[in-house]
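This briefing goes through one protein model by topic. Keep the sequence and the structure open while reading.

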Amino acid sequence: MKKNFIDVKDDFIALINRQKKLAAIILAVIILAIISLVVAVPKMQAHIRASEIKSLVSEDKLAKKASYLDSQTADQDISDKTAMTVLFSTPSGKTYTQIIDVLKDSKQMKDFNHSIYIYPIVYDAEKIEKKYNIKKDDVTIIFFENGKEKNRIPVDKNLDIKTMLIPSLNQLPLSSVGQSAQPPATATKTSNSETPATTQATIDEQGVGQSSEADSVAQ
């Protein structure tokens with residue numbers, strides 16, 4: 001009887017040990033599954049977002065000097081490049097479509113003297129708007145130098161996109177430099193206009209003085 005009790009006890013202990021091992025294995029599997037989800041879900045989301053952005057932007061091939069930025073690396077690309085022209089906009093609307101039509105036209109793009117990158121605003125719009133001081137529903141083209149904004153063009157209905165976009169883009173990297181380098185035109189004109197007046201006033205004063213001297217001698 002005592003032996004049977006001991007056997008039962010041993011079997012119970014062995015069962016508990018097996019259950020502990022099974023529980024440990026199950027727990028380890030659950031932990032690994034959670035870790036895998038933590039790592040995989042963001043990658044899956046990023047991949048889904050990239051696929052959706054590609055489906056939203058035009059599938060037609062742009063000219064050689066134009067390309068789309070990868071949404072995952074766009075901000076880093078802007079920071080890393082020495083000089084970069086970026087078009088910010090939601091990938092829709094009349095103005096955006098007209099600009100893309102120009103960027104597809106290889107004949108028009110021959111006159112373009114550098115490169116332009118398109119930053120399609122689809123996700124994290126508020127973050128992008130705040131970071132670059134733009135509005136997602138407007139088309140804004142910004143020239144960056146070493147990651148810092150140097151000049152921008154807000155594209156609106158007043159700009160003749162078909163004829164004026166490329167000339168405007170060509171001047172974009174130079175506009176801020178040219179404006180700061182030129183001396184104020186008003187100051188030069190004022191100085192030149194004042195010189196004859198000052199000279200005339202001096203001649204008049206000399207004439208008056210000579211006339212007074214002549215009168216005193218005559219007297």
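## Briefing: sheet, aromatic cluster and cores

Tyr119 counts as buried because its relative accessibility is 5%, below the 20% limit. The model is predicted, with a mean pLDDT of 75 for the protein chain.

**Tyr119 and its surroundings**

- Tyr119 is part of strand 3, which spans residues 116-120.
- Beyond four places in sequence, Tyr119 makes contact with Leu69, Ala74, Asp75, Ile78, Val86, Leu87, Phe88, Ser89, Ile128 and Tyr132.
- Ser89 is 30 residues away from Tyr119 along the chain, yet the C-alpha atoms of the two are separated by 6.7 Å.
- One aromatic cluster takes in Tyr119 together with Phe88, Tyr132 and Phe144.

**Aromatic pairs**

- With ring centres required to lie within 6.5 Å, the model has five aromatic pairs.
- Phe88 and Phe144 form an edge-to-face pair, because their ring centres are 6.2 Å apart and their planes stand at 70 degrees, over the 60 degrees that this class requires.
- Phe88 belongs to strand 2 (residues 83-89) and Phe144 to strand 4 (residues 139-145), so this pair ties together parts that are 56 residues apart in sequence.
- Phe88 and Phe144 are buried.
- Tyr132 and Phe144 are also edge-to-face, because the centres of their rings lie 5.8 Å apart with the planes at 75 degrees.
- Tyr132 sits in helix 5 (residues 125-132) and Phe144 in strand 4, so here the parts tied together are 12 residues apart in sequence.
- Tyr132 is buried, as is Phe144.

- Five strands make up an open sheet in the order 1-3-2-4-5, and the pairing is mixed.
- Strand 1 (66-68) and strand 5 (148-155) are the edge strands; each has a single partner, so one side of each has no neighbour in the sheet.
- On average, neighbouring strands of this sheet are turned by 25 degrees against each other, direction ignored.
- Seven bridges join strand 4 and strand 5, which pair in the antiparallel sense.
- Val155 in strand 5 is the bridge partner of Val139, and Arg152 in strand 5 stands opposite Ile142.
- The hairpin of strand 4 and strand 5 has two residues between the strands, and Asn146 in this hairpin takes a positive phi near 55 degrees.
- Helix 3 (residues 94-104) lies across strand 1, strand 2, strand 3, strand 4 and strand 5, and runs at about 150 degrees to strand 3.

**Two buried threonines**

- Thr90 is located in the loop between strand 2 and helix 3.
- Thr90 counts as buried because its relative accessibility is 14%.
- Leaving out residues up to four places away in sequence, Thr90 touches Tyr96, Ile121, Lys136 and Asp137.
- Thr140 is placed in strand 4, and at 6% relative accessibility Thr140 counts as buried.
- With neighbours within four places in sequence set aside, the contacts of Thr140 are Val86, Leu87, Phe88, Ile134, Arg152 and Ile153.

**Nonpolar cores**

- In soluble globular proteins, nonpolar side chains tend to be buried together.
- The largest nonpolar core has 23 residues, of which Leu87, Ile99, Leu103, Ile116 and Ile141 touch the most other members.
- At least two residues of this core come from each of helix 3, strand 3, strand 4, strand 5 and helix 6 (161-181).
- Ile99 is in contact with Leu87, Val139, Val155, Ile161 and Leu165, apart from its neighbours within four places in sequence.
- Another core, of 14 residues, lies apart from the largest one and includes Val86, Phe88, Tyr119 and Ile121.

**Confidence**

- In the protein chain, 64% of the residues reach a pLDDT of 70 or more.
- Over residues 177-203 the pLDDT stays under 50, and the model has zero contacts beyond four places in sequence for this stretch.

Technical notes: Residues are numbered from 1 along each chain as its sequence is written. This is a predicted model: local features need pLDDT of at least 70, side-chain atom pairs count only at pLDDT 80 or more; totals for chains, interfaces and linings use all residues. Side-chain values use heavy atoms; hydrogens and water are left out. Rings of Phe, Tyr and Trp (its six-membered ring) pair if their centres lie within 6.5 Å; planes under 30 degrees apart count as stacked, over 60 as edge-to-face and the rest as tilted. Helices (H or I, at least four residues) and strands (E, at least two) are DSSP runs, numbered from the N terminus. Buried means under 20% relative accessible area, exposed over 50%, partly exposed in between (1.4 Å probe, protein chains only). Two strands pair if DSSP finds at least two bridges between them. Axes are lines fitted to C-alpha atoms, for helices over the stretch in contact, and angles run from 0 to 180 degrees between N-to-C directions. Contact means heavy atoms within 4.5 Å. pLDDT is the predictor's confidence in each residue, from 0 to 100. A nonpolar core is a set of buried Ala, Val, Leu, Ile, Met, Phe, Trp, Tyr and Cys residues joined through side-chain atoms within 4.5 Å.
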